[in-house]
Amino acid sequence: VQLQASGGGLVQAGGSLRLSCAASGAIVSINDMAWYRQAPGKQRELVASITRADITNYADSVKGRFTISRDNTKNTVYLQMNSLQPEDTAVYSCNANVRVNILSRRDFWGRGTLVTVSS
C-alpha cells in the first residue's frame, strides 16, 4: 500500500491550499485517515482525522480554518486549509489505517508535502 500526498507549496499569510493524499495497492478498505504535520524543531502533531463514517477531529490550532474530507471511492483524503498563518508552516504527512486482508489492519504513511506560509 502506498500513500501519495500532493498540494503543498508556498502561500502568503491568509491564503489557502488544498492537500490530497491518495492510497493505492492491496486495500480491502480504509478505516481512519489523518493528516499530521511537523514543523522545524518541533514534534509531529495531529492536525485532523476522519473516520470512514466521516466523523472528524481537529487540533485546536486549526479548528475553523482547516477542513478534512475523504472520498472512499478514490481512497483519498483531503485537507482544505484556509486563513493560513506562518505558524502553519510544516511538512504535512497523511496516515491511513488500512485493512489489508480479512484478518489484519496496518497503518501506512505517505511521504510528506511541505507547506510554507510567508508573512
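Analyst: A disulfide is a pair of cysteine sulfur atoms within 2.5 Å. This is a predicted model: local features need pLDDT of at least 70, side-chain atom pairs count only at pLDDT 80 or more, and totals for chains, interfaces and linings use all residues. Residues are numbered from 1 along each chain as its sequence is written, and side-chain values use heavy atoms, with hydrogens and water left out.

User: Why is the link of C21 to C94 called a disulfide?

Analyst: The S to S distance is 1.9 Å. The cut-off is 2.5 Å, so the pair qualifies. The structure holds one disulfide. C21 lies in strand β3 (residues 17-24) and C94 in strand β9 (residues 90-99), 73 residues apart. Strands here are DSSP runs of E, at least two residues, numbered from the N terminus.

User: How do you know whether C94 is buried or exposed?

Analyst: Buried means under 20% relative accessible area, exposed over 50%, and partly exposed in between (1.4 Å probe, protein chains only). C94 has 0%, so C94 is buried. C21 has 1%, so C21 is buried too.

User: What makes R37 and E45 a salt bridge?

Analyst: The rule asks for a side-chain nitrogen of Lys or Arg within 4 Å of a carboxyl oxygen of Asp or Glu. The closest N and O atoms of R37 and E45 are 2.7 Å apart. R37 is buried, at 6%. E45 has 34%, so E45 is partly exposed.

User: How do you know that R37 and D88 meet in a salt bridge?

Analyst: Their N to O distance is 3.0 Å. The limit is 4 Å, so this pair counts. R37 is in strand β4 (residues 29-38), and D88 is in the loop between β8 and β9, 51 residues apart. D88 is buried, at 1%. Salt bridges with shared partners join R37, E45, R65 and D88 into one network.

User: What makes the side chains of N97 and D107 a polar contact?

Analyst: A polar contact is a pair of N or O atoms within 3.5 Å; within protein, one must be able to donate a hydrogen and the other to accept it, and residues adjacent in sequence count only if both atoms are side-chain atoms. These two side chains are 3.0 Å apart, in a polar contact. N97 sits in strand β9. At 17%, N97 is buried.

User: Why do β7 and strand β8 count as paired?

Analyst: Pairing needs at least two bridges found by DSSP. β7 and β8 (residues 76-81) have six, in the antiparallel sense. So the two strands pair. R70 has V77 in β8 as its bridge partner.

Methods
Helix = DSSP H or I, 4+ residues; strand = E, 2+ residues; numbered from the N terminus.
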